Amino acid sequence: MRALLRAWRSAVLVVTGPPIGLAGFVVIALTGAFWPRVIGSFVAGWHRRRYAALLGVRLVPPAPGQGVRRQLAFGLLAGPLSVLSAAVVIVCWSVAMLGATWLSFGWVVPQDSTGWLHYQDSLVTTLVAIAASLMLFLGFVAARQLAQLELLLAGRMLQASRVEALSVRVDALAESRAEVVDAADAERRRIERDLHDGAQQRLVSLAMNLGMARATLTDSDPKVTQALADAHDEAKLALSELRQLVRGLHPAVLDDRGLDAALSGIAARSPIPVRLTVDVPNRPSRTIEAVAYFVVAEALTNVAKHAGASSITVKISRAGSRLSVVIADDGRGGADPARGTGLRGLAQRVGSVDGVLRLSSPVGGPTTIEVELPCES
């Protein structure tokens, strides 16, 4: 039953195709050269709606601006193709109808006085009946196949190609990832503000009170004095660690004054002398600045822990839409991302914004990390 319904709908699609196909052909021929994008999309929409209504097949249109030529070409091709397809089906059914009419006339006039209609010849009447039935069946088969052919062409020409669909998907994923990165960066800034304005201030107050108590209660029990001294030292240590944590999350100076000021601070705190050069006349986005900052901060930490270097050079520059970050040290070399999470973490952070990280670290040194980040804004 479903196959019969499909065949009938295919026949309706084919038989009713010439008016729509020729109309689209004429519209494109007359106006397609002036407004190709609008006309191509308009005519293609006719055909897509036909396939959806009659065959239940929904073709996904290309993204705006894509597939314009294919849609115009299909509109021109659909005109003659629809006429040819309809002609084949109509011819088959016309022959079947002629055979049925001949047989019906024979039933009305059972006696053929002339004999040229051959109604008395059972072989002739049998062959006519078989031929009429066969042509009726072939009409439906032809309609089904021609509709499939048209739908195959439409699938290739009226909807997004695989490359176009993947391109749209990649753009959507890139936009979604950028939103996630921005959201994560905003969350880090929020946590930094909360720690700076909340927990850090409480620790400062606690350390000050313990310091005052320690200075005031000098004549108390030595155990009490020692306990106050230990608590005071622990509070100062906790405050120092919290400040380091806050700077590691998102330094406020990065938002306020940019990469030069923020990196000058971590370079000054480095146990290894750092020669810093920042040439960024136009600031990139906050996300790119944060990635560049954390790349340099993590690299300096790794060099101090593992490289055995005596000096570090950091150069940051912007050329057009690319921000270049180069970190070099004169240490022992041999850095391998496969043997630690630090370099892998840098590569992942850089890759999160479609950046590129290159590492050169032969055994014996020197080690150079080159990072390129997009910075359109």
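Residues are numbered from 1 along each chain as its sequence is written. In this predicted model, local features need pLDDT of at least 70 and side-chain atom pairs count only at pLDDT 80 or more, while totals for chains, interfaces and linings use all residues, and side-chain values use heavy atoms, with hydrogens and water left out.

**Exercise 1. Describe helix α1 and find which of its residues are buried.**

Step 1. Take the extent. Helix α1 covers residues 2–15, 14 residues in total. Helices (H or I, at least four residues) and strands (E, at least two) are DSSP runs, numbered from the N terminus.

Step 2. Check the span. From first C-alpha to last, α1 reaches 20 Å, close to the 20 Å expected at 1.5 Å a residue. The expected span is 1.5 Å times one less than the number of residues.

Step 3. List the buried residues (under 20% relative accessible area; exposed is over 50%, partly exposed in between, with a 1.4 Å probe and protein chains only). In α1 they are A7, S10, A11, L13 and V14.

Step 4. Look down the axis. The buried residues of α1 fall within an arc of 160°, so they line one face. The arc is that of the directions from the helix axis to the C-beta atoms.

Step 5. Turn to the other side of α1. There R2 and L4 are exposed.

**Exercise 2. Work out the strand order of the sheet and what stands at its edges.**

Step 1. Read the order. 5 strands form an open sheet, β1-β2-β3-β5-β4, with mixed pairing. Two strands pair if DSSP finds at least two bridges between them.

Step 2. Find the edges. β1 (274–279) and β4 (356–360) each have a single partner strand, so one side of each lacks a neighbour in the sheet.

**Exercise 3. Trace the pairings of β5.**

Step 1. Start with β4. It runs antiparallel to β5 (residues 367–374), joined by 5 bridges. L357 stands opposite V371, and L359 has I369 as its bridge partner.

Step 2. Move to β3. It also runs antiparallel to β5, through 8 bridges. Here V326 partners E370.

Step 3. Inspect the hairpin of β4 and β5. It has 6 residues between the strands, and G364 takes a positive phi near 100°.
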